[in-house]
Amino acid sequence: MILTSFPASAAWLAAVALGSAAPAPEAKSAPVDPSARASGSPASSATVETVETSSSVGTLTLYGGARGGVLSVRGETGDEVARATLRPGQEVTLELPPGLYEIRPETPGVNGAPVRVNAGESPRFELPGRPPPSPASATAKPVVAPSSPPAPRQAARPVWKRPVAPIMSALIPGTGQMINGELGKGFGMLLGTAALVAGSVVLYNAPDPLEGAGRGGDSQSFGTAAVTAAGFGVMTGGLQLLYASQIMDAYAVAADKRTPTPRRRHRLALEVGRSATVGFRVGDPAADLYADWSMALLVQIVPRFSLGVSDMSMKFGSDVGRVTMQGGVRAQYRFYDRGRVWMSAALGSILQGSFARGEPDPLVLGGEPPAGDTSFAAVPYGQLDLRFFIVDRWSLNLAPRVSVPLGTRFYGEDRAIPAHAVTFELGTGVGVYF
Amino acid sequence: MLGARAVVEVSASYSLSDIDAVRLELPDTPIDVRGVPEQSTLELRGRWYSTGGSESIAVENSEAPRLDFEVSGRFARLAAVLPLAERELVDLEVDEVTLAPNRDLEIWTGLGDIVVTHMQGNISIDIERGTIYVVGGAGGVAARTTLGDVEIHSPGPIDVSTGQGDLLLLQDGPGGNPIYARSDSGDIEVTLRSAQNLHLKITAYEDIRVQTSSVSTVTSESFERTVGNGTVDIFLEARIGSVTVLHDEFGDG
């Protein structure tokens with residue numbers, strides 16, 4: 001790892017070589033006269049241009065543009081090899097071994113770009129705009145300084161663990177961690193999963209199967225039924241998140257990617273999850289868990305704003321062959337994305353159509369069944385999406401949601417929420433970004 | 001989830017003139033059926049419970065179902081018609097059904113305890129879960145439930161099974177009627193009025209006890225014995241449980 005320091009000045013820069021799979025860069029910088037580069041990059045977006053040089057190694061020049069900013073330079077493995085904080089008009093040159101690098105500006109609204117560094121060439125990445133001419137910036141001396149001491153690197157893990165560890169965790173929770181040498185964590189995952197499974201089974205079987213067979217009001221059993229249903233919902237939701245997270249964690253550790261870099265500039269997001277609520281129901285038990293598994297496919301049409309289809313699923317009733325088909329639309333805006341945490345707000349609507357076949361008249365031998373029955377409902381909702389990344393493209397999420405069905409909203413088996421029943425749901429799921 | 005509940009009383013009356021047999025085919029509900037001499041109608045009393053996002057919607061939902069009485073020849077069927085949108089939002093609870101005791105009766109439902117008394121015709125009960133209690137049924141009693149105890153006092157033939165539950169069967173009248181009983185998980189106890197001409201065929205995972213005037217044994221697994229001409233079948237099977245056969249000639253317990 002090589003770091004080159006320059007004296008502090010009006011413009012400054014910090015670059016940190018992280019010692020990843022890509023060889024460490026060598027950084028150099030020079031003062032820049034912003035007025036001299038007025039005809040260079042366009043002001044609206046970051047640009048990349050390449051200039052051939054006679055050197056045997058490649059160089060990469062980073063330019064701060066009108067407002068400066070932080071640039072992350074990542075190697076082919078996705079690891080950060082340098083990080084530069086540039087002031088307006090400032091530029092720095094990194095000497096890098098030939099290879100493909102990705103420049104990721106951390107300035108909102110500015111897109112990054114992949115850059116290929118070849119021996120003898122000098123590609124350039126510029127943040128948009130030009131700073132106004134000023135004596136201070138024109139004479140500024142850029143600085144390259146480490147922002148933190150480099151962390152000691154562990155020996156690279158065997159490549160075979162990358163597929164094997166997550167697969168083993170999928171088959172037997174915790175074993176992927178054990179393969180990665182994290183025995184304590186692995187046993188913890190295994191025991192945690194086993195405990196959640198056991199608790200879920202106990203709560204699932206807790207209600208008396210003959211409850212409701214006799215007469216009597218159901219209000220007395222509401223509290224017990226609600227607590228049981230909520231407990232079951234929390235247990236199974238926790239199990240879902242723990243199971244998914246330990247698979248992702250097994251891969252992250254095996255691939256030595258403990259600090260993920262979420263893909264802010266993704267095109268497509270695929271989400272699979274469950275939204276659940278505890279609510280009253282007619283008959284006994286007086287309360288129940290209403291859980292709805294579904295899938296969503298969202299396209300990021302402009303930075304931070306996504307639009308797509310959501311809540312897609314099918315459900316089947318326990319009698320009369322009821323089939324419910326469900327889909328919806330969702331618009332989502334990501335208002336926070338720092339590190340591995342994203343937060344978004346969304347508005348959407350579920351559209352649900354249900355069909356039930358007619359039953360033939362049992363008193364008429366060979367009689368034709370009557371026409372089936374149908375039902376339709378729209379369920380507008382608003383929700384928050386709290387997302388936590390474990391690996392670059394994979395995340396877990398919690399999504400509290402408020403919805404109001406405009407019509408009977410069906411769930412699986414014999415569950416339904418009546419029209420106009422304001423519903424508070426909690427979603428849990430997994431998202432992957434492309 | 002925020003919402004409201006509603007309850008609507010329901011009562012109905014249907015003529016049973018020229019009707020020999022009636023089927024009650026109702027959604028999950030407990031049902032008490034009582035035979036009333038000299039009554040020529042079928043009377044039903046009960047209520048619909050419902051839920052809704054508001055009180056008015058809950059009331060609307062409770063009023064959506066209807067009872068449908070269909071007649072085909074000398075057979076009648078009382079069923080509930082539930083619109084799809086309200087199907088999961090309403091719940092029927094029948095208080096009592098009364099009808100002439102000499103009609104044959106069928107009861108079909110899902111979850112519900114069934115009580116039938118003072119009926120003299122054939123009684124057939126088929127439910128998914130719930131206990132069954134029958135007194136009467138000189139024309140014969142057939143009962144099936146997958147979960148729940150069954151108790152039958154009848155002078156007629158008895159054919160009964162439960163998936164999980166105990167069976168208590170008592171012959172009424174002079175006895176001599178066949179009994180076929182099976183419990184997948186539970187005990188069976190049979191009290192006979194007559195111990196003549198029996199064909200006993202018993203299998204049980206646990207103990208088998210037979211104490212009649214003509215047979216006395218304590219064994220396990222299986223037991224078979226013929227008494228007299230063996231015309232009265234007593235076939236009992238307790239897959240996980242015990243079987244006890246007693247003889248009470250005077251029916252005093």
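Okay, housekeeping before anything else. Residues count from 1 along each chain as its sequence is written, while chains are lettered from A and ligands numbered from 1 in the order in which they are written. Since we're on a predicted model, local features need pLDDT of at least 70, side-chain atom pairs count only at pLDDT 80 or more, and totals for chains, interfaces and linings use all residues; side-chain values use heavy atoms, with hydrogens and water left out.

Let's look at confidence in chain A. pLDDT is the predictor's confidence in each residue, from 0 to 100. Chain A has a mean of 79, and 76% of its residues reach 70 or more. Residues 1-55 of chain A sit below 50, and beyond near neighbours in sequence that stretch has 185 contacts in the model (heavy atoms within 4.5 Å). Residues 136-152 of chain A are below 50 too, with 56 such contacts.

On to the holes. A cavity here is a set of points, on a 1 Å grid over the protein atoms alone, where a 1.4 Å probe fits but cannot get out, and lining residues have an atom within 4 Å of a point. Volume is the space filled by probe spheres set on those points, with points joined across faces, edges and corners. How many cavities of 30 Å³ or more does the structure hold? Four.

The largest cavity comes to about 200 Å³. It has 20 lining residues, and the closest to its centre are A:Gly273, A:Ser294, A:Arg330, A:Asn397 and A:Arg401. Strand β12(A) gives the most to that lining, five residues. (Strands are DSSP runs of E, at least two residues, and helices are runs of H or I, at least four, numbered from the N terminus.) By class, the lining has five nonpolar, eight polar and seven charged residues. For those classes, Ala, Val, Leu, Ile, Met, Phe, Trp, Tyr, Cys and Pro are nonpolar, Asp, Glu, Lys and Arg are charged, and the others, Gly among them, are polar.

The second largest cavity is about 70 Å³. Its lining includes A:His266, A:Glu271, A:Trp342 and A:Arg387. β12, β15 (323-338) and β16 (341-356) of chain A each give two or more residues to it, and the lining splits into four nonpolar, four polar and four charged.

Now salt bridges. Side chains of opposite charge can pair when their charged atoms come close. One network links A:Glu271, A:Asp311, A:Arg330, A:Asp385, A:Arg387 and A:Arg401.

Take A:Arg258 and A:Glu182, bridged at 3.6 Å, N to O. They sit 76 residues apart, each in a loop. Buried or partly exposed? A:Glu182 counts as buried because its relative accessibility is 17%, while A:Arg258, at 39%, is partly exposed. (Buried is under 20% relative accessible area, exposed over 50%, partly exposed in between, using a 1.4 Å probe and protein chains only.)

Over in chain B, B:Asp126 and B:Arg144 meet at 2.4 Å, N to O. B:Asp126 is in strand β10 and B:Arg144 in strand β12 of chain B, so this pair ties together parts 18 residues apart in sequence. B:Asp126 is partly exposed at 29%, and so is B:Arg144 at 33%.

That's my tour, thanks.

Notes:
On a 1 Å grid over the protein atoms alone, a cavity is a set of points where a 1.4 Å probe fits but cannot get out, and a pocket is an open set with protein on both sides within 12 Å along at least five of seven lines; lining residues have an atom within 4 Å of a point. A salt bridge is a side-chain nitrogen of Lys or Arg within 4 Å of a carboxyl oxygen of Asp or Glu.
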